[in-house]
Amino acid sequence: MGDELMDYQSEYMSKRCTPQQAVQLIRDGDWVDYTQGITFPQLLDEALAERTGELADVKIRCMFCLKRPQILEKDPHSVSFTYHTWHSSQIDRRDVNEGRAYFAPIQYSHLAEYYRRGMAPVDVVMMTVSPMDRHGNFSFACNPSATQGALDAADRIIVEVNPNLPEAYGLGGDFIHISDIDAIVESDVPVLMAPNPPVQEIDKKIAAWLLPYLKDGMTLQIGVGGIPNALGMLIADSDLKDLGMHTEYLSDGCLKLYEAGKITNRRKELLPGKGVYGTCAGSTELYDFVDHNRALLSAPIEYVNHVDQIRQLNQFVSINGCLAVDLYGQVCSESAGLRHISGSGGQVDFISGAFWSPHGQAFLTMPSTYTDRQGIVHSRIQPFFSHGDIVTTVRAIAPCIVTEYGIAELEGRTTWQRAEALIAIAHPDFRESLIRAAEAQHIWRASNKR
């Protein structure tokens with residue numbers, strides 16, 4: 001054992017270098033992957049940005065970026081670098097909408113295979129990892145996501161080793177061995193955190209409609225934002241017990257449920273006793289909770305989001321957000337017209353999985369209205385999409401839609417039934433105009449309630 005440890009340390013020292021030396025591995029025309037969230041390579045990104053003007057046509061990819069890349073700061077006119085995102089964070093959004101970055105649509109559960117099959121070419125992966133263990137392995141912290149797929153396809157791998165990252169236990173696709181690494185950079189920068197939106201009054205109203213649908217022993221998948229946080233507060237104060245977690249994204253909203261003793265994972269049919277997640281970002285408190293916690297299990301997104309796993313959970317409940325719905329049941333979760341907002345994430349994966357869970361349910365939540373920059377109020381329930389809104393969930397699989405006015409159950413419903421259900425949860429100020437639109441679109445029965 002001692003000799004092996006010495007060998008790994010020797011190899012470590014031979015591959016250790018400065019960030020500036022490491023990024024010399026990047027060549028003109030390369031596709032470089034920064035992975036996602038907390039494994040974003042902060043020092044390597046800064047060093048690569050210093051090569052602005054020297055390199056040509058280098059394409060960078062990231063996902064749910066928690067810090068604006070320096071390659072955008074130092075190369076605002078894309079002289080050397082072109083930036084892409086698989087899923088936009090608030091930080092990415094402005095760059096995409098102003099033409100400094102580009103969005104790549106994906107089905108999240110397929111992403112690792114995009115890499116492996118060459119659909120998403122990758123020459124270099126640069127990512128942050130936890131320190132090497134005595135077996136020569138570096139952990140992906142709490143971010144397996146689709147990382148293994150990128151590593152499998154990459155020609156060169158550079159890691160930024162940071163002892164501040166939480167160390168998570170994983171099901172697979174959660175570590176890399178030193179023998180597969182080309183260069184090692186040491187770092188001590190603070191771990192990147194994800195914003196935790198405050199709970200608004202409207203979030204509480206929407207969450208209150210969901211509470212009666214939740215049962216003891218169910219397994220939850222919840223997204224991020226004010227509504228999941230509000231729901232977490234309601235569940236924490238409820239009589240619900242023995243909940244499970246099988247979620248794409250582990251956030252502070254889930255942490256609240258653990259702290260309240262609501263999530264135990266005891267009654268889960270798949271990996272009982274373990275809370276399963278595919279990626280994690282949030283507060284320092286969340287990272288402390290994840291660190292060396294055997295009650296949690298990170299797993300690749302291709303596992304977490306796959307219908308074959310979700311259907312094994314008897315009472316799987318998926319709760320995510322959306323931006324707009326039309327009267328046919330088409331759901332937009334990625335854009336406001338042509339203005340890009342986020343990405344599809346695992347929404348379709350979890351809607352499909354919830355359908356095949358024996359007692360599963362899926363909900364998409366949104367406030368009934370939004371106010372534009374001119375102060376004009378608009379309905380999020382629209383007659384039809386016509387201004388470039390991106391359809392994330394097609395009408396054939398649209399689940400329950402929730403606003404502060406109630407829940408519209410769409411599965412198996414006809415066009416006129418959908419129109420009636422959606423108009424009933426629209427803001428009262430827009431219901432009459434929506435009825436007139438439904439009549440003009442021939443999806444309103446004469447006998448429907450007005």
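**Cavities, sheets and helix packing**

Me: Which residues line the second largest cavity?

Reply: They are Ile38, Phe40, Gln42, Thr128, Glu160, Asn162, Leu165, Val189, Pro190, Val191 and Leu192. This is a predicted model, in which local features need pLDDT of at least 70 and side-chain atom pairs pLDDT 80 or more, while totals for chains, interfaces and linings use all residues. Residues are numbered from 1 along each chain as its sequence is written, and side-chain values use heavy atoms, without hydrogens and water.

Me: Where does the lining of the largest cavity come from?

Reply: The largest cavity has a volume of about 80 Å³. Asp33, Thr35, Gln36, Met63, Trp86, Leu111, Tyr115, Ser145, Ala146, Thr147 and Ala150 line it. Two or more of these residues come from each of β1 (31-36), α6 (111-116) and α7 (147-153); helices (H or I, at least four residues) and strands (E, at least two) are DSSP runs numbered from the N terminus. The largest share, 3 residues, belongs to β1. By class the lining of the largest cavity has 6 nonpolar, 4 polar and 1 charged residues.

Me: What is the strand order in the sheet of 7 strands?

Reply: Strands pair if DSSP finds at least two bridges between them. The open sheet runs β4-β3-β2-β1-β5-β7-β9, with parallel pairing. Each of the edge strands β4 (101-103) and β9 (183-186) has a single partner, so one side of each lacks a neighbour in the sheet. From one strand to the next the twist averages 20 degrees. Between β1 and strand β2 (residues 58-63), which run parallel, there are 4 bridges, and Gln36 stands opposite Met63 in β2.

Me: Which strands does helix α3 lie across?

Reply: Contact means heavy atoms within 4.5 Å; angles run from 0 to 180 degrees between N-to-C directions of axes fitted to C-alpha atoms, for helices over the stretch in contact. Helix α3 (residues 42-49) lies across β1, β2, β3 (81-85), β5 (124-129), β7 (156-161) and β9, at about 120 degrees to β7.

Me: At what angle do helices α9 and α10 pack?

Reply: Helix α9 (residues 226-236) packs against helix α10 (residues 252-259) at about 5 degrees, and their axes are 8 Å apart. Asn229, Gly232, Ile235 and Ala236 of α9 meet Asp252, Gly253, Lys256 and Leu257 of α10. This contact has 3 nonpolar, 3 polar and 2 charged residues.

Me: What is the order and pairing in the sheet of 4 strands?

Reply: That open sheet has the order β22-β15-β16-β23, and its pairing is mixed. At its edges are β22 (381-382) and β23 (391-393), each pairing on one side only. Strand β15 (residues 324-326) joins β22 in the parallel sense over 2 bridges, and Asp326 has Gln382 of β22 as its bridge partner. Helix α14 (residues 347-356) packs on this sheet, touching β16 (331-332) and β23, and its direction makes about 30 degrees with that of β23.

How values were computed. On a 1 Å grid over the protein atoms alone, a cavity is a set of points where a 1.4 Å probe fits but cannot get out, and a pocket is an open set with protein on both sides within 12 Å along at least five of seven lines; lining residues have an atom within 4 Å of a point. Grid points are joined across faces, edges and corners, and a volume is the space filled by probe spheres set on the points. Ala, Val, Leu, Ile, Met, Phe, Trp, Tyr, Cys and Pro count as nonpolar, Asp, Glu, Lys and Arg as charged, and the others, Gly among them, as polar.
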